[in-house]
Amino acid sequence: MSEAIEGAGMGEYKNNVIPETIKKQVNDQSAVVVISAIGKNESIASEVAVKARIDEKDVLHYYELLESSRMQKNLVYSLWFDHPVTILVLTEEQQFSLRGKIYKALMAGYEFEREYEDILAEVDEDADLSTVWEIEIKEVEEVSYPAGRRREKQEHPYLMHMDHIYINPEQ
Amino acid sequence: MAIKVDKDWRKKEESYGEIVKKYPTISPFIITQIDVQRRGVEYTRKALDQVDKTIHQTGKVGEADIPVSLLLRDGTSICTSIFSEAGVNAPLNQRDRYLVDVVDDRIVLVDEDQVIDEVFYWEKPRYFDKLTSNGTPMGQVVDARPQRFHINMNKYCHFWDTPGHGCKYCGIGASGQKFRGCANELVNFDEVREVMQEIIKEKGRFTGVVLTGGSILSGDELLDDELEGYIKTLQAVGTAFSTKKFPSQVNSTAFNERQLIRLYEETGLTSYTTDFEVFDEKLYQWICPGKAHYLPHEEVKKRLYKAVEIFGKGQVNTGIVSGVEMAEPQGYQSEQEALKMNFEFAEELASHGVGLKHDVWNVVPGSIFFRQSTPSLDYYVHLTKGFYEIMCKYGISTEMDNYRKCGMHASINMDRI
Ligand code: SF4
């Protein structure tokens, strides 16, 4: 685990632990969070989160504000039929892909009401909150291009156009 | 233990696991909801130790504070009934209940030592234990589920005034007798107004209100007094809203056109239900004799179609107590035949814009049908699927009665995806 975390800074990260820097940027809302989920009839929906946060147990909380949205329906579908969801976390320096399993749809009770009041304060009084989706993160992978390119060269050295290894005719 | 379990019942029908496999497009959460409503639950000591009366919505059974119901991980409410362990007229020929237990610090549903899923107890609204100026606990004036509040406008049903006129599956006759003719038979409208002032402090809690109650047959015209009761209650509820209309449903005895227009125009009501209870006309006459006497099958249908004209398509539905159509001796003997009848009639209603919903029949102690047994889980899942498909075919929105506003209707819950 510690190797993986060290590796994160080097763009080599693939594990099930979310790097602290990513957590921090999701929680202070400086990262962009994009969630994708499959739904009925194999429809796929992607949406930029109005709000997301990662708690101390590495559970990602995704706030869906629209009850009738395609994303809300797809998240219900993914929970009902046990499909994974994907979350892209985009910071200025890095991009991470998180693969998660939905644990719970929080939509009633005292905890939900606290979240609801926070949304009204943070977004605007006209906002509603449908559900806080609690997603257990099972896999984390850095998907920034430089990291991916380095990984591809290491793991698949013969997947390329050959001009990368031709001799230089001008030399 | 009030119910008597048929020890061979598992051999006679497909199991929960088999039904989940048989219907891969139906959510296992919905199948769980149906089966738990059908079979009921019991709580282990460990599960009851997790109950906190200051947080959870509970009811008394003997000395114990039992959670009134459960929530699943997807937010589905399971409305289980908590009956006192009455020895008299207790249901017979029933199935084992599900067990609510604690495993690895989580509250779970268990059947035959298998954990089915995690469940959560309902948290009660903050107004519940406050008192009205008359000293009534507010939770007794306005009841609640996790995301809706509801008012029992009238605690007694006057079909029971005439011997043999009450619905045969209904337990209200026995339990409501004590309210008959009492000052508190009707809800107190001033108290409703007071509770509404507390409800508006709870942001994020409620998505709708439902009003229902026992039938009141009196008035200048049949049901006029019942109509007055709903209008006054809705007007009291309406004092809390800044808009004329608010998400609301009345589930009443079938009003005529004039009454429906008054209900729509004089209140903030947005949607209307009158329950058919049983779709088969002959069985309606046998099972709901009082209703059938005053409101024949054809008349209920006509009134529902009028309601669609007044409230709009998607704002009117009707319910059945699904399973009573198989009650002995006059009911259907084959589940297939009963389903066929239900789908044919449902299709006729839906083609006129009437939405469908079904409650899962739970044999009620003290009801005339207390010796009956409910159909198989397969029957209920098939019915759920069929009702949902008919609603889709006729493009009828489910929003008036969705999983937040009610939660009891499995076919409507299918619309979440
Ligand atoms: S109408 Fe029938 S089911 Fe409803 S309360 Fe009266 S007797 Fe019971």
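Predicted model: local features only at pLDDT ≥ 70, side-chain atom pairs only at ≥ 80, totals over all residues.

Trainee: Why is the pair of B:Tyr264 and B:Phe311 called edge-to-face?

Mentor: Set the values against the rule. The ring centres of B:Tyr264 and B:Phe311 are 5.0 Å apart, and the limit is 6.5 Å, so they pair.

Trainee: On to the two chains. What makes A:Glu67 and B:Arg404 a salt bridge?

Mentor: Their side chains meet at 2.6 Å, N to O. A salt bridge needs an Arg or Lys side-chain nitrogen within 4 Å of a carboxyl oxygen of Asp or Glu, so this one qualifies. The count between chain B and chain A is four salt bridges. The rule for polar contacts finds 13 residue pairs across that interface, both residues at pLDDT 80 or more.

Trainee: Which elements give two or more residues to the side of chain B that touches chain A?

Mentor: Those are helix H3 (28–39) and strand E8 (114–121) of chain B. The largest share, three residues, comes from H3(B).

Trainee: How much area is buried between chain B and chain A?

Mentor: About 2500 Å², with carbon and sulfur atoms giving 55% of it. On chain B's side, B:Arg73, B:Lys203 and B:Ile417 supply 29% of the area that chain B buries against chain A, more than any other three residues.

Trainee: How do you know which residues surround the ligand?

Mentor: A residue counts if one of its heavy atoms lies within 4 Å of the ligand. Among those that surround the ligand are B:Cys157, B:Trp160 and B:Lys291. By class, the shell has seven nonpolar, no polar and one charged residues.

Trainee: And what stands out in the backbone?

Mentor: Most residues other than glycine have a negative phi, and most peptide bonds are trans. A:Asp82, not a glycine, has a positive phi of about 60 degrees. The bond from B:Glu328 to B:Pro329 is cis, with omega near 5 degrees.

Definitions and conventions. Residues numbered from 1 in each chain as written. Chains lettered and ligands numbered in written order. Heavy atoms only, no water. Nonpolar A, V, L, I, M, F, W, Y, C, P; charged D, E, K, R; others polar. Buried area = accessible area lost by both parts, 1.4 Å probe. Polar contact = N/O pair within 3.5 Å; in protein donor to acceptor, adjacent residues only side chain to side chain. Helix = DSSP H or I, 4+ residues; strand = E, 2+ residues; numbered from the N terminus. Phe/Tyr/Trp six-rings, centres within 6.5 Å; stacked < 30°, edge-to-face > 60°.
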